[in-house]
Amino acid sequence: MDTNEMILQQIKDLVEKVMISNDPSHDFSHVGRVVRTARHLCETQPEADSFLTEAIAWLHDISDDKLAAQMSDTSLAPFLAEIGLAEKQVRFVLDGIHSISFRKQPSLPADAPIEVKIVQDADRIDAIGAIGVGRAFAFSGHKGYPIGTTEAKSTIRHFDDKLFLLYDLLNTEEARRMAKRRAEFLHTFYDEFMTELEAF
Ligand code: ADP
Ligand code: NI
């Protein structure tokens, strides 16, 4: 293992430990899928730094305040410095993980770093398609939200409020290629759901 691989291994171990208490929509397997998709997107964006992209991907949900498990910058920054990241890299990674959330800003500024754009795309790919549907219901179940009513918090309303918007907000060409079928599936699922809901 080279130095960067050792650093990423330590980041991965931390994330696995911290995220174990999250609900299934934001568990370690979500993060693993985001990392693998981000690695793939990196291959199509040669200007991206794959080490920093992967570090942001592993850590992207670690300080999300809607999740059970959270780590603040106050403990994350010293950890990253301790395992060998330079001060500039620590700042870059922390700024990255704080800027990809849809709730905070639906799209990144055009001049945002490519590494951050890639992780945002990878995260959004995991929010749509069959896995996205599964995650949305897992999240709602955990919160106790209804599945399909006109209430603001119902799972099916989340499709209109957010999930349907994600495809058009993707940053990279390859992410759009990967997401096309998944975005179409979301609509298929939604139409079927509505048909059943409105049957009687
Ligand atoms: P944000 O980008 O706003 O931080 P996340 O990307 O972390 O939000 O949310 C990820 C996933 O959590 C969503 O794609 C969805 O699966 C689930 N989720 C979040 N809010 C809701 C909700 N109100 N109803 C159903 N699922 C939700
Ligand atoms: Ni995520």
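## Reading the ligand site and the fold

Author: By class, six nonpolar, four polar and six charged residues make up the shell around ligand 1. Here Ala, Val, Leu, Ile, Met, Phe, Trp, Tyr, Cys and Pro count as nonpolar, Asp, Glu, Lys and Arg as charged, and the others, Gly among them, as polar. This is a predicted model, in which local features need pLDDT of at least 70 and side-chain atom pairs count only at pLDDT 80 or more, whereas totals for chains, interfaces and linings use all residues. Residues are numbered from 1 along each chain, and side-chain values use heavy atoms, without hydrogens and water.

Reader: How many residues surround ligand 1, and which are the closest?

Author: A residue is near a molecule if one of its heavy atoms lies within 4 Å of it. Here 16 residues surround ligand 1, the closest being His26, Lys66, Ser101, Phe102 and Lys162.

Reader: Which helix gives the most to the shell around ligand 1?

Author: Helices are DSSP runs of H or I with at least four residues, and strands are runs of E with at least two, numbered from the N terminus. Helix H7 (residues 129-143) gives the most, with four residues. The protein has ten helices and zero strands.

Reader: How much of ligand 1 does the protein bury?

Author: Accessible areas come from the Shrake-Rupley method with a 1.4 Å probe. Ligand 1 alone exposes 560 Å², and the protein buries 90% of that.

Note on methods. Chains are lettered from A and ligands numbered from 1 in the order in which they are written.
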